Amino acid sequence: MVDLAVSRLGQSFANPVLLSSGPAGFGLELAPLFRSKPLGGLTTKTVTPSPRQGNPPPRLVDAPAGALNSIGLANPGLDEFLAQVLPELRELPTVRLISFAASDVQGVEAMAGVLGEAAGVDVLELNLSCPNVEGRPPSWDSASTRELVRAATRATCTPLLAKLSPDVTDVVPVAAAALEEGAAGLTLVNTVRGLRIQRDTGRPTLARMWGGLSGAAILPIALARVFEARRAFPEVPIVGVGGVTDLGSLLEMAMAGADLVGIGLAVMCDPELPWRLCVELKQWLCRRRISRYSQLVGCAHRGGVDVCRTC
Amino acid sequence: MSISKGRRRTATPVAGSFFLCWQAAYLDRRRQSGGYAVVELIVEREARGQPGQFLMARTECGPALPRPLSLLWAEGKRVALLVKDEGQLRARMAEAPLGTRFDVRGPYGVPYRDAVEHSRRYVLVGGGSGIAPLRFLWQRHPELVESVAFGLRHTVDENFLPDTPLLIEELGQPTAGDQALHVWRPGLGLIACGPREMLRQLAAGLPERKGVYFALEERMGCGYGACQGCVVMTRDGPLRLCTDGPLVALDRLGW
């Protein structure tokens, strides 16, 4: 018997697979899948204080082994989310991780306070790293990260994940800043800032020029960030996101140190994939005679998969 | 009919989630001409597609994002698509041997009949593979159709699209859009699907906005309304082409 359950962030996740923020929207389109089979958790699209229409189209373009998006945090805003979306989310039998962002300290504090009190919010994820909005992503530097995480944790006791950008030389100081200010864990990583150019016109393809690269192309980048953070913070809950498209990449993410693994772009292509990965993961662990998923987490730091095996 | 099974297995669909599940589609027949192909696929479950709806399709070879392809027709477990032989997926559909497996899910999108007023008849204007949903509408709901103007850039065989008048849009000659503007008169509606340039010319040439609908295209992500990748901006705010489109009333577009 293999146990996929994960107890982290004060929650019992049925398995380590999450929908990461963005591609699955608020998860409601996937409700039939949630109601049929368990999934670890659902991370919502990022909610902001006021409604955002998002960036002008085109918002999506293919990239080698992935895609570049520039959605721009399109969302209905906090009030509409609380009134219309959250009641439906509460019906889904999974852990709900609510992603949120605001442009300043006051906004972050206010949102964390309101969301942290709302019924049905299990975990908060502070998005410090969207590459598709005005200004620099806060997690490009430790000081901004520290300030915003402090504001959020001052306002709520709900476990808070800090979602960080991969576009830094060293993620560890930024992660340390977030953890020192009370973040309960880390989500690593957001999309990688990228660009594509239309060859027939010579102009950037996306209307806002820059976009966030996701998909298999960024797996090695995400793995490196998760590995670095796990090495620096052995006990901290880590959600690994970036380039997980199949069982192999999910295993690598776990071995690098991810307690929970988010699926992003791949769920846009294949909505059933996260549920199928749970089945495949269980079978893989069973074949390897590893009785608990948690034994696999971070095994790359401990001498490899052989040390996980239980007879 | 001979079908050779592909390598990838189809996962058992979760009850009530057919809309979200990939299903195998095997290339069964194909007609090619002038850089276009009509491909007929046999799908595992009845497609039940309506004119204007589309399937998301992919192959094992990529690209990462699946592609939306409008139905040319759908009958039971057989669906037909009209594709131009360009791009990874379309080129494969146009070139792969019969029996090749593709994956499809859907159908998605609002059927044209549900998106337009029924109090008027329409001039249908199709350009290139944009002919597909309009020809389907014409066949399925002739009571809505006043006339059709379908244009292709290259000459095709006589039987490529049987019983369908096709205008070959050679340089300097009238286009399908010109023809449509010629036959349109007040009181009629117009539904157009084709290149953005064709739609812009129609918008500029039409004296009325009421009763005019354009099928728009943007790079699509999920196809089921979650990712907001295929949004177009309208007077009423963002509109997701996959779930609220693909047909958009011209007076909402502000063109």
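How many disulfides are there over all chains? In this predicted model, the count comes to zero. Charged side chains do pair, however, and a search of the whole structure finds 27 salt bridges over all chains.

**Cysteines**
- Cys278(A) takes part in no disulfide, since the nearest cysteine sulfur, which belongs to Cys21(B), is 15 Å away; Cys278(A) itself is buried, with a relative accessible area of 8%.
- For Cys230(B), the closest cysteine sulfur is that of Cys242(B) at 3.7 Å, which is too far for a bond because a disulfide requires the two sulfur atoms to be within 2.5 Å.
- Cys230(B) counts as buried, at 2% relative accessibility.

- Side chains of opposite charge can pair when their charged atoms come close.
- One such pair is made by Glu29(A) and Arg240(B), whose side chains meet in a salt bridge of 3.9 Å, N to O; this pair crosses between chains, from the loop between β3 (17-19) and α1 (31-36) of chain A to strand β13 (residues 237-240) of chain B.
- Both partners are partly exposed, Glu29(A) with a relative accessible area of 27% and Arg240(B) with one of 24%.
- Within chain A, Arg146(A) forms a salt bridge with Glu181(A), and the closest N and O atoms are 3.1 Å apart. Because Arg146(A) lies in helix α4 (residues 142-155) of chain A and Glu181(A) in the loop between α5 (171-180) and β10 (185-188) of chain A, the pair ties together parts that are 35 residues apart in sequence.
- Arg146(A) counts as partly exposed at 26% relative accessibility, whereas Glu181(A) is buried at 17%; these two residues also belong to a network of salt bridges that links Arg146(A), Arg150(A), Glu180(A) and Glu181(A).
- Within chain B, the side chains of Arg121(B) and Glu146(B) meet in a salt bridge of 3.1 Å, N to O. Arg121(B) sits in the loop between α2 (112-115) and β7 of chain B and Glu146(B) in strand β8 of chain B, so the pair ties together parts that are 25 residues apart in sequence.
- Arg121(B) counts as partly exposed at 35% relative accessibility, and Glu146(B) is partly exposed as well, with a relative accessible area of 32%.

**Strand β7 of chain B**
- Strand β7 (residues 122-127) of chain B is mostly covered, with six of its six residues buried.
- In a regular strand the side chains alternate between the two faces of the sheet. Both faces of β7(B) are covered, with Tyr122(B), Leu124(B) and Gly126(B) buried on one side and Val123(B), Val125(B) and Gly127(B) buried on the other.
- β7(B) runs parallel to strand β8 (residues 145-152) of chain B and is joined to β8(B) by six bridges, while five bridges join β7(B) to strand β10 (residues 189-193) of chain B, again in parallel.
- Val125(B) stands opposite Ala149(B) in β8(B) and opposite Ala192(B) in β10(B).
- Together with helix α3 (residues 131-140) of chain B, β7(B) and β8(B) make a right-handed β-α-β unit.

**Surface details**
- Leu195(A), Ile197(A) and Met209(A) make a nonpolar surface patch of about 240 Å²; of these residues, Leu195(A) lies in strand β11 (residues 192-195) of chain A and is partly exposed, with a relative accessible area of 39%.
- Gln88(B), in helix α1 (residues 88-95) of chain B, is partly exposed at a relative accessible area of 48%, and its C-alpha atom is separated by 6.8 Å from that of Pro63(B), 25 residues apart along the chain.

Conventions
Residues numbered from 1 in each chain as written. Chains lettered and ligands numbered in written order. Predicted model: local features only at pLDDT ≥ 70, side-chain atom pairs only at ≥ 80, totals over all residues. Heavy atoms only, no water. Patch = residues over 30% accessible without salt bridge, like charges linked within 9 Å, V, L, I, M, F, W, Y side chains within 5 Å. Areas by Shrake-Rupley, 256 points an atom, 1.4 Å probe, with all protein chains shown as cover. Salt bridge = Lys/Arg side-chain N within 4 Å of Asp/Glu carboxyl O. Helix = DSSP H or I, 4+ residues; strand = E, 2+ residues; numbered from the N terminus. Buried < 20%, exposed > 50% of the residue type's maximum accessible area, 1.4 Å probe, protein only. Pairing = 2+ DSSP bridges. Right-handed = clockwise from strand over helix to strand, strands pointing away.
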